[in-house]
Amino acid sequence: RPLSLKRSRRALAVTATPEALASLQSHLSEQSIELDFQRDPERGLAAFRETSYPLLFIDVRLGREDGFELTMRFRELPGLEQLPIVLIDEHESNTNRSAARDAGAALYIAKPLRWEEIEKPLLDLFDHAAIRRYRRFPARLAVRTDSSVGNWDELTELVARGGICLRTRRDILPGAVERYRIELPPPLAPIEVEGDVMSRATLPGYASVLAGIRFRSFLDGGEPRWIRVIEALALRSERDPGSRASRRPAGPS
């Protein structure tokens, strides 16, 4: 299969009234961003067992549970502590704006949504390469690419919901788009992904380099399997704080 020209982009909105966000959905679609909806907070949380959305919209008013509480619940999901969350209010409120900030929201916006005012901050949340959306965890998983010399001759150094930090001896350069087959712990089958090479860092004294890879898409429906691996690593890090990811360069988002 040929490599994709563009990285797939999706967002999730947790709202009791999806029809009220039809305009937002239309504008995002024009930017090649697909907006999925969940009406129920529990289903919104469950959706992240299948897909790692890079941006999340939450209505402040959701019925029995408000958006501030749900934002904090999302922050408790394994590996999602830094996910950008946008809270949408029915009316502008300084009190709610402050509560959104305290809950960890990256942006607070109020209806009626004016695209000309929110376009830049929203697209910045999508496109800003420096935003780290998912926590990284140390893990050595075997990787194979079309350029690999042998079987499983490259290893991950760090992994996250959105990508990997790859240790390789190849001449890998930022800007490249590659296909990767990543071996998962048994009994899980390997996954195949396309990824953008975002960064490259040399290791003094080593022949290998570290490359930060951001996933574009999962080619075999393997994203739920990948999320299971990340969740297991997150639980392990909670039991053993010494295993938390280091602050190395070239890590995935």
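At what angle do helix α3 and helix α4 pack, and how far apart are their axes? In this predicted model, α3 spans residues 67–75 and α4 spans residues 94–103. The two helices pack at an angle of about 15°. Their axes lie 9 Å apart. Angles under 35 degrees count as roughly parallel, and α3 and α4 are therefore roughly parallel to each other. The crossing of α3 past α4 is right-handed.

The contact draws on residues from both helices. From α3 come Phe68, Thr71, Met72 and Arg75. From α4 come Asn96, Ala99, Ala100 and Ala103. By class, the residues of this contact comprise five nonpolar, two polar and one charged.

Asn96, Ala100 and Ala103 are buried in α4. Viewed down the helix axis, the buried residues of α4 fall within an arc of 65°, so they line one face of the helix. An α-helix has 3.6 residues a turn, so residues three or four places apart point the same way. The face of α4 turned away from the buried side carries Asn94, Thr95, Arg101 and Asp102, which are exposed. Cover for the buried residues of α4 comes from elements including α3, β4 (85–89) and β5 (107–110). Just after α4, Gly104 adopts a positive phi of about 100°.

Two further positions were examined. Pro121 sits in helix α5, residues 115–127. Its relative accessible area is 28%. Buried means under 20% and exposed over 50%, so Pro121 is partly exposed. Pro121 and Leu107 are 14 residues apart in sequence. Their C-alpha atoms are 8.1 Å apart in space.

Gly162 occupies the loop between β8 (154–160) and β9 (163–168). With a relative accessible area of 9%, Gly162 is buried. Gly162 and Arg214 are 52 residues apart along the chain. A distance of 5.9 Å separates their C-alpha atoms.

Methods
Residues numbered from 1 in each chain as written. Predicted model: local features only at pLDDT ≥ 70, side-chain atom pairs only at ≥ 80, totals over all residues. Heavy atoms only, no water. Axes fitted to C-alpha atoms, helices over the stretch in contact; angles between N-to-C directions. Helix = DSSP H or I, 4+ residues; strand = E, 2+ residues; numbered from the N terminus. Parallel < 35°, antiparallel > 145°, perpendicular 65-115°, else oblique. Left-handed = near helix turned anticlockwise from the far one by under 90°. Contact = heavy atoms within 4.5 Å. Nonpolar A, V, L, I, M, F, W, Y, C, P; charged D, E, K, R; others polar. Buried < 20%, exposed > 50% of the residue type's maximum accessible area, 1.4 Å probe, protein only. Arc of directions from axis to C-beta.
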